[in-house]
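Dear colleague,

I am passing a structure on to you, and below it you will find my notes on what was found in it. Please read them with the structure open beside you.

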Amino acid sequence: MTTSQPLEGPASPEDRQVPGARVENTGVGRLAATVERLRGEILAAQAAADGRALIELAKGVLIERLRCGPTMAARQLASLAGEAGVSQLELAADIVNQSSQDQLTEIAAGFASQANGEAPAGQTEPSVGVRLRAAESGALAAGDTQAAAQSLLAHALTPLGACAVAVWSAGADASLALAGHAGFTAGEAGRWRYVPPGVSTLARRALTERQPVHVTDMSAEGLPSIGRADHPRGGRIALPVGTGGRVNGVLEICWPSPLEPQPPQILRQIEALAELCAHTLESRPAPATPSADTLPPTPYLAELVELAEGLYDPALVLVPYLDADGRLTDFRVHHANSSFVDPAGRPRSAVHGALLLEAYPMAVGGSELFERIERVYATGEPFRTRRMTLTALVGQVSLAAVADISVSRQSGCVLLIWRIEDEAARLAHLLQHAQRLGRIGGFEEDLTTGEVTWNEQLFDLYGRPHDASPVPLEALTSYAHADDAATIRRFLRTVLHHRRSASAAFRLERPDGVTRHMRVIAEPVLDADGRLLSVRGAYQDISSQHWTEVALAATRDQLAHTEQQAAESNRLTLQLQHAIMPPTEAPLSSPGLQIAVRYRPAESESMVGGDWYDAVTLPSKQIMLCVGDVAGHGIQAATSMVVLRNAMRGLAVTGAGPGQLLSWLNIVAHHLTTHVTATAVCGLYDPERHTLRWARAGHLPPVLLRGQQATPLPAVGGILLGALADTDYEEQELRLEPGDTLLMYTDGLVERRDEAVQDSLARLLTAAGPAATDLEQQLDGLLTHSASDTDDDTCLIGVRVT
């Protein structure tokens, strides 16, 4: 058993005075010192009273166990404490823990199991068991929540480093009221005495989520809270307070500095304190022993049943159903009103008295109805929604109905109301919306009485007030454009004389001066002898359709003209491209080197692009090899390709290296009249040294075929042409051996829409190696078996050292 000392009040002002400080010998100073001394004495008296209550509780346990009187129990307690070498308060806490075996006992035992036998020398703090039992005694003996909050802070929270505590009471409308506080100033508590519904605070978050909320640093949170200005970087823990699945409030604890995540033992202490707060917030006494059905007082329940009976919609009065440990597991249907309509067609007796999840097992899952009811019961915040699906099981058949749902908490019960959607009313509502969206209005004309009936939409289409007289069919020509009179007369003759259904399009002249294009459809209603009784029909505003047809006709003409221009542009582009780079070209002749080139244009003329290649012997006897791809398609891409290809040839005669050539070509691309971007790879082969110097501008690197293996050359740095006004390009040198084959290509050879470029390049390496005997046949085979699917231009150069 650990050694501890009784709880003591704060030291007197004289004990806390800083050495050397001078207390002003004035009336105000002496009065302040007196107030401080009396306040300390009051706190010490309260702590002593809480300790005495705990000692008296332990005496009661000894009286029951030893069958003795109060005097003998007091002597026994003092004797046992002396023999154990502990205070009577510490021994009283151990006796209560052993007899109660509740959560506080488990927490105290957990801490005791982690201790090393004896308390450290000089320990002055009470043990966990004493602190929690003293806080419990103070909370239970307190007359209100305010006193309970002060007891919790003084006995249990201050040793944990907390500086303030607030106990919030949750209202039926999900509002929060400050029921008790300690450590906050009176002014701050007055400002936070009430938090309306919908205001987001740290306590509201704990109430809404129904689980503890831990904030390490309040400065990192955007949630307001009581006392935040005094401790802007303090840590907070907020816990929902309640029993039996019902949340009555929130316990909010404040620390003066950032709070790191606490160990499980400390969190269990705090949870135990939250249970103590639940006692002071309970609006009615809890039952002595937990029971499965916890009913509210009879007058409240009778009033709620009477309220449900006064509703025309189906309603259920639900009471909480608790397990043996007092946890909410279900709700029992206490009453189903006389308007009750079950989605599965069952009578009231089938659900009356049943558990909700037994009657409606599908309430858990997709609709989340049970979770909504549980949340309303816990927080008191009502829930309403439209068109929720209610599902019931009848045997092995699942029946569903769509309903509007309302759930509210009333006097410890839950009132569930739903309104099954009327299918006929819903269809009529949909028809009304369809007529409004389709700009359709209906009519009926009784030819025997002359009475004409219009719906509201038809009055709107005619632009007439709803209290005006409807227009009969015989007078239709008076409201139509004069040029449409003949069409309307043929329509009337067909319907009224030939007694056949008919339709006609005409222009309606509305009273507001607006002309609308209308279509009228009518059918005659005949009796058994074939006499015409009435005419039914509808008007539809087809103005939008009419003007759409006019615009569509103009668009067709413009599209035909555009297609003709596009075809001419594609023809010119192909001619330009074929003139510069014919699809087949004789191989370049060079000693010790075999060169073959291929160009495959896009299959679609609209996809004509800017791919180009070049292989030319320079005055320095070096051979320039390059391929490129201008971004885009069409005449602009083709003309830009011609510019870049010719510019590269002109720049190459300067004798500069491939990196410098690409740098100059980048300046050309960047300063073209129509700014273009392109990729390219350029190489200079020296026949005497058998070396290739090459550089690239955002292009795929060449592929080397050596022996039985095909590998891409290591990539060198260089961005695409035209992106920046001035940039440098890296070079790399490669020595080619006899039998080596080098492939340079554009992305049209490998690019696919459904895979990455790396995967397409890997497929090319597999198809390319090993090198074939004939270079020309190998290039043809690569083009034939290419797996690309982008329908883009393709350029390919093959170089083999002989």
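In these notes a residue is called buried when its relative accessible area is under 20%, exposed when it is over 50%, and partly exposed in between, with a 1.4 Å probe and protein chains only. The model is a predicted one, in which local features need pLDDT of at least 70 and side-chain atom pairs count only at pLDDT 80 or more, whereas totals for chains, interfaces and linings use all residues. Residues are numbered from 1 along each chain as its sequence is written, and side-chain values use heavy atoms, with hydrogens and water left out.

By that definition, 42% of the 802 residues of the chain count as buried. The chain has 22 helices and 27 strands, these being DSSP runs numbered from the N terminus (helices H or I, at least four residues; strands E, at least two).

One of the residues I looked at is D484, which sits in the loop between helix 16 (456-462) and helix 17 (485-497). D484 counts as buried because its relative accessibility is 10%. Leaving aside residues up to four places away in sequence, D484 touches F506 and R507, where contact means heavy atoms within 4.5 Å.

Y312, in the loop between helix 11 (298-309) and strand 7 (315-322), counts as exposed because its relative accessibility is 79%. Its C-alpha atom is separated by 9.2 Å from that of R419, although the two residues are 107 apart along the chain.

There is also an open sheet of five strands, with the order 19-20-21-22-25 and antiparallel pairing; two strands are said to pair if DSSP finds at least two bridges between them. Its edge strands, each pairing on one side only, are strand 19 (609-617) and strand 25 (732-735). Strand 22 (residues 691-697) is joined to strand 25 in the antiparallel sense over four bridges, and T691 stands opposite R735 in strand 25. Helix 20 (residues 658-670) packs on this sheet, where it touches strand 21 (678-686) and strand 22, and its direction makes about 25 degrees with that of strand 22; the axes are lines fitted to C-alpha atoms, for helices over the stretch in contact, and angles run from 0 to 180 degrees between N-to-C directions.

Finally, L724 lies in the loop between strand 24 (709-712) and strand 25, and it counts as partly exposed because its relative accessibility is 43%.
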